[in-house]
Amino acid sequence: QKQHPILQVQDLAVSYGHIAAVKGIDLTLNQGEITALVGANGAGKSTALLAISGLLKPLRGKVLFDGVDISKLSAHKIVQSGVVQVAEGRAILTTLTVAENLALGAYTRKDKAQVALDLEWVYTLFPVLKQRMEGLAGNLSGGEQQMLAIARALMAKPRVLLLDEPSMGLAPLMVQEIFRIVQEINRTGLTIFLVEQNVRQALRIAQHGFVLETGKIVLADTGANLLHNPKVLEAYLGG
Ligand code: ATP
């Protein structure tokens with residue numbers, strides 16, 4: 001079937017004062033695909049994601065969602081339009097219960113019957129969250145907190161899910177579990193933009209990928225091609 005570009009980033013540039021972190025990048029996400037953005041520490045991946053989700057104001061550039069420029073919208077309007085970011089460092093509310101965190105993810109939604117169905121779906125994806133629904137989020141393990149952060153974003157009914165380093169700081173088995181769940185979510189048709197330092201794992205599950213180096217896209221290809229690209233092998237996969 002034909003690929004439909006659901007999110008297009010055009011000439012996006014972001015600076016922190018005099019520090020240019022993202023230097024005019026172009027990206028396209030196809031509907032229904034996992035697209036990976038990989039690169040070293042400090043390459044500008046998080047900055048690019050924060051600008052797409054409206055949490056940082058870009059210096060210039062456009063973010064087209066279904067052809068409409070959302071780059072001037074506030075962060076909460078962008079969430080309401082369907083572009084939802086799962087934050088790095090998780091940012092769940094540790095003094096609230098799991099169920100309360102999930103309810104917060106859906107709080108702007110009016111379609112309450114669908115919210116209830118989505119909650120059931122999220123509990124199917126993450127059975128551990130169902131078991132712990134009355135427990136405080138702060139008592140979850142690091143991996144479970146990451147699951148809760150993803151689950152909470154799903155409760156906002158995204159059409160594009162932005163994930164910033166979901167595997168960061170997790171034990172190897174939990175990393176596998178998170179990547180498996182990302183694929184499972186994608187199989188429901190949800191478009192996913194996956195920012196990762198775990199280059200190998202990200203490119204394995206991504207249909208397309210972009211490599212960011214010091215604020216610029218240096219490679220764009222299918223995930224499979226990037227995994228075998230000599231430059232990627234040398235710079236990110238230990239030769
Ligand atoms: P990481 O995986 O470590 O988050 P990254 O690829 O996501 O790396 P960014 O966090 O986007 O990279 O950082 C890009 C550049 O911007 C780096 O040089 C970083 O030092 C700088 N930077 C990031 N945040 C700020 C800030 N709040 N103030 C000033 N400079 C910043």
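The model is predicted.

Helix α6 spans residues 142-154, and helix α7 spans residues 172-187. The two pack with their axes 10 Å apart. The angle between them is about 15°. Angles under 35 degrees count as roughly parallel, and α6 and α7 are therefore roughly parallel to each other. The crossing of α6 past α7 is right-handed. On the α6 side, the contact involves Gly143, Glu144, Gln146, Met147, Ile150 and Leu154. Their partners in α7 are Met174, Glu177, Ile178, Ile181 and Ile185. Sorted by class, this contact comprises 7 nonpolar, 2 polar and 2 charged residues.

Helix α6 also meets helix α3, which covers residues 98-105. Here the axes come within 7 Å. They cross at roughly 35°. This crossing, too, is right-handed. From α3, the contact draws on Val98, Asn101, Leu102 and Gly105. From α6, Leu148, Ala151 and Arg152 take part. By class, the α3 contact with α6 contains 4 nonpolar, 2 polar and 1 charged residues.

The ligand is surrounded by residues from several parts of the sequence. Among them is the run Ala40, Asn41, Gly42, Ala43, Gly44, Lys45, Ser46 and Thr47. Tyr16 and Ala21 also surround the ligand, as do Glu165 and Gln197. At Ala43, a backbone N or O atom lies 3.0 Å from an oxygen atom of the ligand. At Glu165, an N or O atom of the side chain is 3.1 Å from a ligand oxygen atom. At Gln197, a polar side-chain atom lies 2.9 Å from an oxygen atom of the ligand.

Methods: Residues numbered from 1 in each chain as written. Predicted model: local features only at pLDDT ≥ 70, side-chain atom pairs only at ≥ 80, totals over all residues. Heavy atoms only, no water. Axes fitted to C-alpha atoms, helices over the stretch in contact; angles between N-to-C directions. Helix = DSSP H or I, 4+ residues; strand = E, 2+ residues; numbered from the N terminus. Parallel < 35°, antiparallel > 145°, perpendicular 65-115°, else oblique. Left-handed = near helix turned anticlockwise from the far one by under 90°. Contact = heavy atoms within 4.5 Å. Nonpolar A, V, L, I, M, F, W, Y, C, P; charged D, E, K, R; others polar. Near = heavy atom within 4 Å. Polar contact = N/O pair within 3.5 Å; in protein donor to acceptor, adjacent residues only side chain to side chain.
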